[in-house]
Amino acid sequence: MTQLVIGASGFLGSHVTRQLVASGVDVRVMIRKTSSTKGFDDLDVERHYGDIFDDDALRTAMTGCDVVYYCVVDARMWLRDPAPLFRTNVEGLRHVLDVAAEAGLRKFVFTSTTGTLAISDGKPVTERDPHNWTGGGPYIEARVAAEELVLSYARDKGLPGVAMCISTTYGPGDWQPTPHGSMIAQVAAGRFPFYLDFSSEVVGIEDAARAMLLAAEHGKPGERYIVSDRYLSTRDVHRIAADAVGAARPRIKIPLPVLYAGAHVNDLASRLLRRDLPFAVAGIRMAHLMSPLDYSKAEQELGWQPKPVEESIRDAARFFVEHG
């Protein structure tokens, strides 16, 4: 059977596509005509063009497929107008789910985020802990709504959907790049002597993609799985990246109060200038609040075992140096 990747132009989607091709299955991708294809231009895949709001294009792309990997996310948490976040992450997803529920799929693998999980001052967070925090802004609200939409289709409409709560990803092939990837690029180039005073859960992009493929085989419909390797400080992430390419280690700490102050100035300037500026308070708060996670469910039910994320951070730094 053929397997479909919706959103193959993105960081995760391109790696899911690469691993599917390597596994020997027939691979189909659905992208927009304006999408970048750098991440899979060298692969033999069947290309379908369309938008997630185009029901006919979705039906055509899913015809004959047994698995759909959904990797479309609008992560622009800094937008002054949050409507696009809900339009893509929730309403666009609803179009996809309506078609998928009628397509006779064996599995629908949805890219969620660790932002839908709980926070905790004690034990590591699991999938069973309910979302219990606010302050992430419209982006987190939209992502929580999107995950619940997938799980509701699994409960109420028989969609064999699983949600993958993926943490911050590092690795090669970050062509666009992601915001955290951009920071690694600057560190690797020796142009960012700073580290930020918080820690976060991180995982290698290739391990995250492998978890998606394992979910297609072993994931239980209606369940969600944490996909993360460990809780690392930004200082350690930047140190690992710098050492991998012989760049100077960032040594200047930017404390959280300074980050929050800068983010508040960013948001004020955004309103005054009527422009979207990316250093938003919501992003700092989301990074600040993230808790250590327990990914044992993915180990036990999917057979997933990530390699040490340090390897992926090194690969990311080398990728950015190699590709300028």
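1. A quick definition to start: a crossover counts as right-handed if, with the strands pointing away from the viewer, the path from the first strand over the helix to the second runs clockwise. By that rule, β5, helix α4 (residues 137-157) and β6 form a right-handed β-α-β unit. Helices (H or I, at least four residues) and strands (E, at least two) are DSSP runs, numbered from the N terminus.

2. Bear in mind that this is a predicted model: local features need pLDDT of at least 70, side-chain atom pairs count only at pLDDT 80 or more, and totals for chains, interfaces and linings use all residues. Residues are numbered from 1 along each chain as its sequence is written, and side-chain values use heavy atoms, leaving out hydrogens and water.

3. The sheet is open, with seven strands in the order β3-β2-β1-β4-β5-β6-β10 and parallel pairing (two strands pair if DSSP finds at least two bridges between them). β3 (46-49) and β10 sit at the edges with a single partner strand each, so one side of each has no neighbour in the sheet.

4. Have a look at β6. Six of the six residues of this strand (161-166) are buried, so β6 is largely enclosed by the rest of the structure (buried means under 20% relative accessible area, with a 1.4 Å probe and protein chains only). G161, A163 and C165 cover one side, while V162, M164 and I166 are on the other.

Note on methods: Buried means under 20% relative accessible area, exposed over 50%, partly exposed in between (1.4 Å probe, protein chains only).
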